[in-house]
Amino acid sequence: MLEITLDLDHGSGEPLYIQLYNFFKKEIQTGKIEPGEKLPSKRKLSHHLRISQNTVETAYEQLLAEGYVESVERKGIYVKELNRDLFHHVDDVPKTIKEMKDEGVEYEVDFSHGTVALEHFPFPIWRKLTIQSLYEEESSYFLNGEPQGELPLREAISKYIYQSRGVRCSADQIIIGAGTQYLISLLTMIIGKDAVYSMEDPGFHRIREAFKDQGVILKPIPLDQDGIDLNHLVESKAKVTYVTPSHQFPKGMVMPITKRMELLKWAEKQGRYIIEDDYDGEFRYKGKPIPSLQGLDINSKVIYLGTFSKSLIPSIRISYMVLPDRLLEKYNQDFTIYKQTVSRLHQHTLWQFMINGHWERHLNKMRTVYRKKQATLIRSIEKYFGQQARIIGDDTGLHILLNVRNQLSEKELIERAKAYKVKVYPTSVYYENNLPEQEPMILLGFGGLTEEQIEQGIQLLKEAWRI
């Protein structure tokens, strides 16, 4: 059966058949349900959605009447071929930035924030350690390991994050997982889905969707010049808040120590927690590193999240979280039934990489590499754009925001860059509520580009945007 994900609102006052009809109409108009696709039978859909067959039949009849579908005798109801150009004006089905496709486009420069400088990754060392891991104790790494992850790796992580970020924890508090989204899902189960959650707005959209997929109430909290707005946080009545204090995503501000202490004060009340995502805290270019929230926390209210995706390689899929004692007790009581999601082989290889000094050397090298790349990006923007663009969030991390002042919309900026085979990224996807009334901001990542590609890309953007 066609996969239907629809949450009917029985208390809205709008008839269920209208809600069902509007759902199918939007899916057909946007192409999410393609021409020739067979709709579920009335019996199966009514059972799937737990509504009456009459409700489904009435919705289908309206779709038939308006020509969205056709009934084929003894076969079922199928979506008709439509000219979607006719629907561009329909208010409830706009073509959003995240729906824009890149079929057939071979980009010369891609300013992705999700790539890293693979040319500097120590492949020979990693390969040697991987082979060594295979031979050590031979078959033991082909069996299931500890639910929290391999103890030696957790001990190495505990030592590293204390030395580098001031995070105070034992290896027993660390849980390793395949990516931050997985850990967020596990965390919502540990804390409880009845709690009211909140996160920065704008904020990382993949984390937002991970929260929503868990079915929790999620409140978007706007930012002020220093990060999450504490007045709005208090008004939200949230018990849990997700923040990126060391490099706010996507706007890039670093939360100052005074705001950090105020946020910790908010968390002192019973049942409140802060989720601190330190996704690229290793890379800071201006000023001294600011201690992590977790390192400043004396009340065990901060859950610290870290990852090796930015600092090592994205595909390794090794992230980790540090649980406060209360949540660790709940995890040990109810959630050790969930098996570890990261390969034991990769965990053992990473452990060897860390204890043999390769990790520290690699990190120091990458800080220099990324500092040079960021300097090239900023210098190129200043050279080619002058006063017609403003750089935002250049203190740390592997991306910046570019506020472009040429009267073009975000969509127009992206499309014109695409015509010159340069890929840039929107910021609108990171907002839950309406975008602020301001000139558009474009996200430019630089980790995976050479310095030559960075300057070439900015030159092409100058031509594309007619600056």
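The model is predicted, so local features need pLDDT of at least 70 and side-chain atom pairs count only at pLDDT 80 or more, while totals for chains, interfaces and linings use all residues. Residues are numbered from 1 along each chain as its sequence is written, and side-chain values use heavy atoms, with hydrogens and water left out.

**Exercise 1. Backbone geometry**

Task: Locate the cis peptide bond that joins D201 and P202, and the one that joins F249 and P250.

Solution. Most residues other than glycine have a negative phi, and most peptide bonds are trans.
- Step 1: The bond between D201 and P202 has an omega of about 10°. P202 lies in the loop between β5 (196–201) and α7 (205–213). Helices (H or I, at least four residues) and strands (E, at least two) are DSSP runs, numbered from the N terminus.
- Step 2: For F249 and P250, omega is also about 10°. P250 is placed in the loop between β8 (240–243) and α9 (257–266).

**Exercise 2. Positive phi**

Task: Determine where R74 lies, where Q407 is found, and whether R74 is buried or exposed.

Solution. 
- Step 1: R74, a residue other than glycine, has a positive phi near 65°. R74 belongs to the loop between β1 (69–72) and β2 (76–79).
- Step 2: R74 counts as exposed because its relative accessibility is 85%. Buried means under 20% relative accessible area, exposed over 50%, and partly exposed in between (1.4 Å probe, protein chains only).
- Step 3: Q407 is not a glycine either, and its phi is positive, about 70°. Q407 occupies the loop between β13 (399–404) and α14 (410–419). At 77% relative accessibility, Q407 counts as exposed.

**Exercise 3. An aromatic pair**

Task: Describe the geometry of the pair formed by W126 and F353.

Solution. A pair of aromatic rings is described by the distance of the centres and the angle of the planes.
- Step 1: The structure holds 16 aromatic pairs. Rings of Phe, Tyr and Trp (its six-membered ring) pair if their centres lie within 6.5 Å; planes under 30 degrees apart count as stacked, over 60 as edge-to-face and the rest as tilted.
- Step 2: W126 counts as buried at 11% relative accessibility, and F353 is buried at 0%.
- Step 3: F121, F123, W126 and F353 form one aromatic cluster.

**Exercise 4. Helix packing**

Task: Characterise the packing of α4 and α12, and that of α13 and α15.

Solution. Two packed helices are described by the angle between their axes and the distance between the axes.
- Step 1: α4 and α12 pack at about 120°, their axes 9 Å apart. Axes are lines fitted to C-alpha atoms, for helices over the stretch in contact, and angles run from 0 to 180 degrees between N-to-C directions.
- Step 2: α4 and α12 are therefore oblique to each other. Angles under 35 degrees count as roughly parallel, over 145 as roughly antiparallel, 65 to 115 as roughly perpendicular and the rest as oblique.
- Step 3: Residues making the contact include W126 and L129 of α4 and T349 and F353 of α12, where contact means heavy atoms within 4.5 Å.
- Step 4: Helix α13 (residues 358–385) and helix α15 (residues 451–465) pack at about 25°, with axes 9 Å apart. α13 and α15 are therefore roughly parallel to each other.
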